[in-house]
Amino acid sequence: MATSFQNFIGGTWCNSSDGKTFENRNPADWNEILGIFPLSTSSDVERAAQAADDAFRSWRLVPAPERGNILLRAAELLVRRKDEIAAIMTREMGKPLTETRGDVQEGIDTAFYSASETRRMFGINTPSELRNKMNLSFRIPVGVCGLITPWNFPMAIPSWNIFPGLAAGNTFVFKPAEDTPWTANLLIEILDEAGLPKGCVNLVHGAGSTVGEAITKHPLIRAVSFTGSTATGKLVAQNCGVHTKHLCLEMGGKNAQIVLEDADLDLAIEGVLWGAFGTTGQRCTATSRLILHEKIHDEMVERLVSQASKLRLGNGLETGIDVGPIINEKQRKNIERYVAIGKKEGAACILGARVASGGNLDKGWFFEPTIFTKVTPDMTIAKEEIFGPVLSVLTCSSLEEAIEINNSVIYGLSSSIYTRDINRAMVAARDLEAGITYINAATIGAEAHMPFGGVKATGNGHREGGWAVFDFYTEWKSVYIDYSGKLQRAQIDI
Ligand code: ADP
C-alpha cells in the first residue's frame, strides 16, 4: 500500500477538499508507486490563499534578518537531509544521484544567499529638490505570491522563489508539478521544522488546469511566478494580465553551443555531452543545437558520436549512470514525434533516435541519446524546444553566421561559445540573444547568486536568482519627510 501524502495549508497537513488523489510514479520503473497525493480543487486554493493572506499581515512585520535566520535553519536542515532528498528526487523524476544532489545543493545555496540578503536589500536615498526635506525609497513585500513549478528541478526552482520571496516578507501558495510532488513536501517539512510561522508557505497539490489556474485567478494572490512550457505560460499570462498580477515567466529555450575552429575540442565535446544529455536533455538550459565551424565539423561529430554512444542509461539510483529516463510516457511520445519530423525534413540521424530497451530499461521511459547532423536553421528540430536527449548539429563558416543561426529562434535563454580568441568570445557575449552566455563552458550551470532568465519568448523581462529576483518579490515605496514645518509644493516652491 503506497504512502499517502497531504497538502499543507495554514500550518496543517490536510487532504484535498473532495478527497480525490493522484499517484506519483517512478519514471525509471513505472510500476513503482511512490505515493498518493491530493488532487486538490479551487476551494483548496481558496483556503491556501486566505491562510497566506492572514500570515502576510504579521510576516511582513518580522525584521528581515529574523526572517533570514529561519532561512539559515532551513539551509542547515537541507544540508543534513541532502542525500535523503536527492534519493527521493531521483526516484520521482529520474535524473542520476549526482544531479539530484546538485539540485538540493542549489536549494542550500539559495537559502544561504537569501538569508544573507536580508541584511542588505538596500534602498536608495536621494536629495530632495526642496529645503528641509528628505527622500527615502525602500523595498516592501508584494504580498501573497503564487508559485507554479515544473518537475525538472523540483528543489532548485521552488527554492529560487520561496527563499528570496520569504526573505523579502511575502507569503506563498505553492503548486508543484504533478510528476514531482514528494520533493515539494520535503521542502515544506523543512521550512516548518525551521520555524516558519503557520500560513507563510501553503502547499496545494494537483492539476495545472484546476489548482494552477485557480492560483492565476485568485484576487488575494498579487504575484505569480511560473516556470514551464511556453504554451502554458501564455495561458498563465492571460489570466494574470486580466487579474492585474505581477508575473514572472520562465519558459522555453532552444539553446546552442557554438564551437569555432580554434576551440579546445576536448573541452567542447565534454561540454556538449553534459549540456545535451545531462538531465536527459530535460532542462530549459539544455544544449539542443550544436553550431560547428565547418573546419572542425567532421572531427567533432565523429568524436562526439563515439563518446555519446558510451553514455550509460539506467535507473539514476545505480552508480555509473549518466542518463536517466524521460519524465513520463507523454513526453517520450513527444520526443519520438520530433525525431520523426527531423527525419522527414531531411536531417541525418547518426545516433540513437529510438526508445532504449532491454533489461531494466523496459520498465521505464528511456530514450537513447540522439544526434542529428545536416540540420538547417529552418527545420523544426532546429527551432522548437524538444525537452529530451536530442541534439541538432548545424554548420557555420564564421562567428557572424554562428551568431545569426543562434539568434534565429524565438527563444533566448542560454548560449555558449567555445573559442580561444578573446575578441571573438567578447563579440559573442555581446551579440548572442540570450539571458545567459557561457564562454568555454556548456549551456547549463547557473549559480544561485547570479540573475537567471531569458530574453525573447523565453520570459517576460524578469529574472530569478541573485539580487535580481528581489526586483520581482518587492515593490518600491517612496517616502518624503518634510521637516520644514510649512507647506512646500514640489515643482512650484523651488
Ligand atoms: P511541462 O510540460 O514541463 O510539464 P507545463 O507548462 O505543462 O510544463 O507545466 C508546468 C507547471 O504548470 C506544472 O506545475 C503544471 O501543473 C502547471 N500548469 C499546467 N497547466 C496550467 C494552467 N492552465 N494554469 C496554471 N498552471 C498550469
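A polar contact here is a pair of N or O atoms within 3.5 Å; within protein, one must be able to donate a hydrogen and the other to accept it, and residues adjacent in sequence count only if both atoms are side-chain atoms. The model is predicted: local features need pLDDT of at least 70, side-chain atom pairs count only at pLDDT 80 or more, and totals for chains, interfaces and linings use all residues. Residues are numbered from 1 along each chain as its sequence is written, and side-chain values use heavy atoms, without hydrogens and water.

View 1. A polar side-chain atom of Thr232 lies 3.0 Å from a ligand oxygen. For Ser229, a side-chain N or O atom is 2.8 Å from an oxygen of the ligand. Gly208 has a polar backbone atom 3.4 Å from a ligand oxygen.

**View 2. The shell around the ligand.** The ligand is surrounded by 17 residues (a heavy atom within 4 Å). Thr149, Lys175, Glu178, Ser229 and Thr232 are the closest.

**View 3. Thr279.** Thr279 is in the loop between helix 9 (265–277) and strand 13 (287–293); helices (H or I, at least four residues) and strands (E, at least two) are DSSP runs, numbered from the N terminus. Its phi is positive, about 55 degrees, although Thr279 is not a glycine. Most residues other than glycine have a negative phi. Thr279 is buried, at 2% relative accessible area (buried is under 20%, exposed over 50%, partly exposed in between; 1.4 Å probe, protein chains only).

**View 4. Lys374.** Lys374 sits in the loop between strand 15 (370–373) and helix 12 (380–383). Lys374 is not a glycine, yet has a positive phi of about 55 degrees. Lys374 is exposed, with a relative accessible area of 62%.
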